[in-house]
Amino acid sequence: MTRTIRLTPDEVQHFVDVTTKCDFDIDIFYNRYTVDAKSFLGVYGLDFTKPLTVSYDGYNEALEKMLKEYAIAC
């Protein structure tokens, strides 16, 4: 499943906290840059002026709620 979101630097810690509690892989990417969504430094190094795509294969209620909060219209 993929979702398109926007993050600010202030939201990175919350994003990583939620993703680390998931027992499945989660990637976040834009263009050709892909990082592990559970890595604070990896996520923080992304360009926050661009829409980011989150890719994952699992379900976690807290993750779904957070992604809805950060979602952008495509």
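**Strand 4 and its partners in the predicted fold**

In this predicted model, strand 2, which spans residues 26–30, pairs with strand 4 in the antiparallel sense, the two being joined over 4 bridges. Within this pairing, Asp 27 has Ser 55 of strand 4 as its bridge partner. Strand 4 also pairs with strand 1, formed by residues 2–5, and here again the sense is antiparallel and the bridges number 4. Strand 4 itself covers residues 52–56 and is mostly shielded from solvent, with 4 of its 5 residues classed as buried. In a regular strand, side chains alternate between the two faces of the sheet.

These strands belong to a chain that contains 3 helices and 4 strands, and the order of these elements, read from the N terminus, is β-α-β-β-α-β-α. The radius of gyration of the chain is 11 Å, close to the 11 Å that the globule rule gives for 74 residues, and the chain is therefore as compact as a globular protein of that length. Taken along the principal axes, the box filled by the C-alpha atoms is roughly 25 × 25 × 25 Å. Of the contacts in the chain between residues at least 6 apart in sequence, 65% link residues that are at least 24 apart. Buried residues account for 36% of the 74 residues, while the accessible surface of the chain amounts to about 4600 Å², with 49% of this area belonging to carbon and sulfur atoms.

Helix 3, which comprises residues 61–70, includes Glu 64. The relative accessible area of Glu 64 is 8%, and because a residue is counted as buried when this value is under 20%, Glu 64 falls within the buried class. The side chain of Glu 64 is joined to that of Arg 3 by a polar contact of 3.1 Å. When neighbours within four places in sequence are set aside, the residues in contact with Glu 64 are Met 1, Arg 3, Tyr 56 and Tyr 59. Among these contacts, Arg 3 lies within the residue range of strand 1, namely 2–5, and Tyr 56 lies within that of strand 4, namely 52–56.

Technical notes: Residues numbered from 1 in each chain as written. Predicted model: local features only at pLDDT ≥ 70, side-chain atom pairs only at ≥ 80, totals over all residues. Heavy atoms only, no water. Buried < 20%, exposed > 50% of the residue type's maximum accessible area, 1.4 Å probe, protein only. Pairing = 2+ DSSP bridges. Polar contact = N/O pair within 3.5 Å; in protein donor to acceptor, adjacent residues only side chain to side chain. Contact = heavy atoms within 4.5 Å. Rg over C-alpha atoms; globule rule 2.2 N^0.38 Å. Areas by Shrake-Rupley, 256 points an atom, 1.4 Å probe, with all protein chains shown as cover.
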